[in-house]
Amino acid sequence: RSCSPGRARHTNASRRAGLVARFGDLYARERLDAETFLRTYISDTEMVQRIIYIAAVESFHAAKMAYRQFKIRVRETLSIGHSGPESLEDTVLDYIVRHEDLYDVQASVNEVIRSMNINPKISFPPGIDFIVISTLIRELCRVAFSMQTLIPPLDIAFGTDGELYSETKYYRSFDSDFTAALVAYHVWPALMENDIVIVKGEAVTKR
C-alpha cells in the first residue's frame with residue numbers, strides 16, 4: 001500500500017491522544033469488569049487487585065517484547081529494497097502502524113498468562129486459570145503494542161511493594177491509610193512519557 005512519507009509521524013499526536021484515552025477506559029471499565037468477575041472466585045480484595053495490576057504489568061512487558069521482534073523482522077524485510085524519500089526507520093514505523101493487525105496478540109496473551117502462573121505474589125483457587133481475564137489482558141497488550149509506535153513511546157511506571165508513595169504518580173485507593181508513607185500494593189500502573197507521568201495510577205497505602 002502506498003503511504004505518504006512519515007505518515008506515522010504526521011498522525012502521532014492523534015494516535016497518542018486516542019491511546020491515552022483508551023488506557024483511561026481500560027482503567028475505568030475493563031479493569032472493573034475483571035475485578036467484578038474475579039470476586040466470584042476470590043473474596044480477598046487485595047489478591048484480586050494484585051492479579052489485575054500484575055496482568056497490566058506483564059501485558060506491557062509482553063507487548064514491548066513482541067513489538068521489538070516485529071520491528072526487527074520488518075526492518076530486515078524493508079531494508080532490502082529501501083530507497084527514500086523517508087528514512088528506513090520512518091518507513092518501518094509507517095509499515096507497522098499500517099499493519100498493526102499482523103501483531104500476534106494471542107501469543108502475547110499466552111505469554112502473560114504463563115508469567116502470571118509462576119508469579120509468587122498471586123494465586124488462583126484450584127481449577128481456575130488466569131485465562132478468565134484474557135479479555136482484559138488482550139486489550140492491554142493491544143494498547144501497549146500501539147503505544148510503542150508513538151514518538152516517543154509510552155510505557156508504564158515501574159512499581160514495587162513498599163516504595164515511597166508519590167502524589168505525582170498515584171491516586172490513593174479509598175481504603176488506604178491516608179497518613180501512611182509507603183505503598184502496600186498497586187491497583188493500576190501510572191502511564192509515562194519520557195519518565196514523566198501523564199496519567200496517574202492507583203495504589204493502596206497502609207501502615
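**Close-up 1. A salt-bridge network of four residues in the predicted model**. Arg 22, Glu 30, Glu 139 and Arg 142 are joined by salt bridges into a network. Opposite charges on side chains can pair when the charged atoms come close. By the rule applied here, the count comes to 13 salt bridges.

Close-up 2. Beyond its neighbours within four places in sequence, Glu 35 is in contact with Val 48, Gln 49 and Ile 52. The side chain of Glu 35 also meets that of Arg 39 in a salt bridge, at 3.3 Å from N to O. Arg 39 is partly exposed, with a relative accessible area of 38%.

**Close-up 3. Asp 161 and its salt bridges to Arg 50 and Lys 121**. The side chains of Asp 161 and Arg 50 form a salt bridge, 2.8 Å from N to O. Asp 161 lies in the loop between strand S1 (154-156) and strand S2 (170-172), and Arg 50 in helix H3, so the pair ties together parts 111 residues apart in sequence. Arg 50 is buried at 12% relative accessible area. Asp 161 is partly exposed at 31%. Lys 121 forms a salt bridge with Asp 161 too, with the closest N and O atoms 3.4 Å apart. This pair links distant parts of the chain, 40 residues apart: Lys 121 is in the loop between helix H5 (105-117) and H6. Lys 121 is partly exposed, with a relative accessible area of 45%.

**Close-up 4. The interface of domain 1 and domain 2**. The domain assignment gives domain 1 (5-153) and domain 2 (157-206). Their centres, taken over C-alpha atoms, are 21 Å apart. Contacts involve 18 residues of domain 1 and 17 residues of domain 2. The two domains bury about 1700 Å² between them, 62% of it on carbon and sulfur atoms.

**Close-up 5. Charged and polar pairs across the domain interface, and the domain 1 side**. Three salt bridges run between domain 1 and domain 2. Arg 16 forms a salt bridge with Glu 193, with the closest N and O atoms 2.8 Å apart. Five residue pairs are in polar contact across the interface. Helix H2 (12-38), helix H3 (45-79) and helix H6 (134-147) each supply at least two residues of the domain 1 side that touches domain 2. H3 gives the most, with seven residues. The residues of this side divide into 12 nonpolar, one polar and five charged.

Notes
Residues are numbered from 1 along each chain as its sequence is written. This is a predicted model: local features need pLDDT of at least 70, side-chain atom pairs count only at pLDDT 80 or more; totals for chains, interfaces and linings use all residues. Side-chain values use heavy atoms; hydrogens and water are left out. Domain bounds come from an automatic or database domain assignment. Contact means heavy atoms within 4.5 Å. Buried area is the accessible area (1.4 Å probe) that two parts lose on being put together, summed over both. A polar contact is a pair of N or O atoms within 3.5 Å; within protein, one must be able to donate a hydrogen and the other to accept it, and residues adjacent in sequence count only if both atoms are side-chain atoms. Helices (H or I, at least four residues) and strands (E, at least two) are DSSP runs, numbered from the N terminus. Ala, Val, Leu, Ile, Met, Phe, Trp, Tyr, Cys and Pro count as nonpolar, Asp, Glu, Lys and Arg as charged, and the others, Gly among them, as polar. Buried means under 20% relative accessible area, exposed over 50%, partly exposed in between (1.4 Å probe, protein chains only).
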